[in-house]
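This briefing covers aromatic ring contacts and charges placed over rings. The structure comes first, then the pairs by topic.

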Amino acid sequence: MSSFLVLLFVFKAAIQSQLDGVRTGLSQLHNALNDVKDIQQSLIDVNKDWRQSINTIENLKDVKDAVVQHSQLAAAVENLKNIFSVPEIVRETQDLIERGELLQAHRKLMDLECSRDNLMYEQYRMDSKNTHDMNLIHTYFGDMQKLSEELAKQLWMVVQRSLVTVRRDPTLLVSVVRIIEREEKTDRRMLDRKKQTGFIPPGRPKKWKEKMFNILERTVSTRIEGTQADTRESDKMWLVRHLEIIRKYVLDDLLVAKTLLDQRFPPHYDIFNRLLNMYHQALSTRMQELAAEDLEANEIVSLLTWVLNTYKSTEMMGNSELSPEVDVNSLNPLISQNVVDQLLSKYMSTLTSNIIGWLRKALETDKKDWIKETEPEADQDGYYQTTLPAIVFQMFEQNLQVAAQINEELKTKVLLLCLQQMNSFLTRYKDEAQLYKEEHLKNRQYPQCYVQYMIAVINNCQTFKESIISLKRKYLKIEMEDTLSSSHTSMDATLDIIAKEGCSSLLDEVFMDLEPHLNELMTKKWLMGSNAVGTICVTVEDYFNDFAKIKKPYKKTMTIEAHRRVVVEYIRAIMLKRISFKNAEERKEGAERMIKEAEQFRFLFKKLAAGSGEDTEGLCDIIEAIAEVIKLTDPSLLYLEVSTLVSKYPDIRDDHIAALLTVRGDASRDMKQTIIETLDQGPSQPNPNYVPIFKEITVPTLTVPKLLK
């Protein structure tokens, strides 16, 4: 029961509260209605009063005009003392400018401009179309414009030398910046007033900040262009000097700009970055101008090296003292890739012509050495040489080092070019060496040092080989070696031909001197005790004293070939049938002489081949084997002895056997025919290590069929 009463009480209270709220709201609405009626009546009254005052306002127009005129007159009175003192202020300002007191001069100039601008503004307000009065004011203040121009000249002079001034007289530079800032502020104020009134004083806006940056830009350009002190005609290194001066000046200027200049300008000027962009643009313009000139090959390299490498290196923009303000990775290229490609193309074309010319000149110079009456120089090991390989590869090295300064790709291209031209050059070298030999054969007394210079030519071939390998190892990447394998093989082959022909020509020289003594072999005089072989050995040894100046690969070849040719000539002398032994005693004497002379040859060439690893035994064995056939006393065993000879030396032909039997002097025609026919039917088992020698020997007299008749 009590709970029900509580709920009933709460419900009653809630209903009462709502009724009170409704009552209050109705009261407020009634008050608002009364307020609206009061406001409406007030507006009616205001409207009535306004309509009644229109005529009164029109009657006050004259008062309004008087107020405007009074305002103008008040401004004129206020500036009257300045107006009368304009000439004096102009003189004072001029003096201040001349004394370099720019801040004070600018203050007075601003006072003059303020007086003029106020007068002109009031005149504009009073009668904007009255140009006569405007011109009158402008003329009266005419000297002020000259002062402004004179002051500007002084400012621009300081701006032009700002990088010097900031070190010597930083206060002066700060004054200039303050003046420019004042003018910028005045420009903004005048432009704002123009938006409101349409009036702007003459000469505004001055835009001295913009002019200052223009002056700085022209100064930077002039500084870059002015660093060229020389021309190609006066100095071959003009471009290198020019670029180095630019590098030094730009780096010094930017360091000053960062450490000193940046502190003297307001932050919003961003003076360092503005100057950085100016220098970059000026450099870009200058590099493009240089690229457009008719540059030589070395000048193209100097320019590209500077543009692609030096500019962003630690020697310039990458200098640690410029970091972090200067980020070399964000700098645009000084010249476009298209221009770079054009320069590289021109460089490769020019370099090709230059290398061809250099190689031709080097060969011509070397040829002049060949006819000298003095021996060629020797290297540290005593081998004769000329300067040709050193000159050629020094030239290649220099160009490769230069190309490497630009980039890896150009270095590889230059290496390929050098080796390509080297290939062609070696062909000319081979031809010139052949002509040298032919000219010598016309008169063997000339040139006096023919043998020594031909040795130098042979040695040069080995030097060229070693230099080519060294050049490739130093400048060619391993993965690129396959591209040059065929070219390298071709050059090696040409060099081997030159060396082989050179060695052959030297041996020809030897055997021309040996010819009279070779002609004595296997003659009656020889049998009677001629010393032809002794003379041959002495002559060969004497020549090989000079041939000791030949480098080992070719000296070994020379020794082997000389040994071979001596034996061949000796056997050829046998096959010429200059002698036919009359009896066994002569055959014995002749055979023993042949064995003795074979031993002389063996001793000689063993001495000459000392340390070379050459087998000196086999060739002289042939002479001894032939001697055994001649020495044989029992004719019935002749077939067996001859067949043994043929089995050892299977390239012996029938005419060789016939000639040998003729020299014996005791073989009948039937015996010769029987032996030859029997040998033709027999099996041949040649020694696989035997190098044919008889195929080089011809029997110049009767053929076998004629002999057997």
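Phe-425 and Tyr-429 share helix H16 (residues 408-442), four residues apart, about one turn of the helix. Helices (H or I, at least four residues) are DSSP runs numbered from the N terminus. This is a predicted model: local features need pLDDT of at least 70, side-chain atom pairs count only at pLDDT 80 or more, and totals for chains, interfaces and linings use all residues. Residues are numbered from 1 along each chain as its sequence is written, and side-chain values use heavy atoms, without hydrogens and water.

**Ring pairs**
- A search of the whole structure finds 16 aromatic pairs (ring centres of Phe, Tyr or the six-membered ring of Trp within 6.5 Å; planes under 30 degrees apart are stacked, over 60 edge-to-face, the rest tilted).
- Phe-425 and Tyr-429 are stacked, because their ring centres lie 6.0 Å apart with planes at 10°.
- Both Phe-425 and Tyr-429 are buried (under 20% relative accessible area, 1.4 Å probe, protein chains only).
- Phe-544 and Phe-547 have centres 4.9 Å apart and planes at 75°, so this pair is edge-to-face.
- Helix H20 (residues 532-547) holds both Phe-544 and Phe-547, three residues apart, about one turn of the helix.
- Phe-544 and Phe-547 are both buried.

**Cluster**
- Ring pairs join Trp-370, Phe-393, Phe-396, Phe-425, Tyr-429, Tyr-436, Tyr-450 and Phe-464 into a cluster.

**Charges over rings**
- The charged end of Arg-274 sits over the ring of Phe-213, 3.7 Å from its centre (NZ of Lys or CZ of Arg within 6 Å of the ring centre and within 35 degrees of the ring normal).
- Arg-223 lies over the face of Tyr-249, 4.2 Å from the ring centre.

Definitions and conventions:
Helices (H or I, at least four residues) and strands (E, at least two) are DSSP runs, numbered from the N terminus. Buried means under 20% relative accessible area, exposed over 50%, partly exposed in between (1.4 Å probe, protein chains only).
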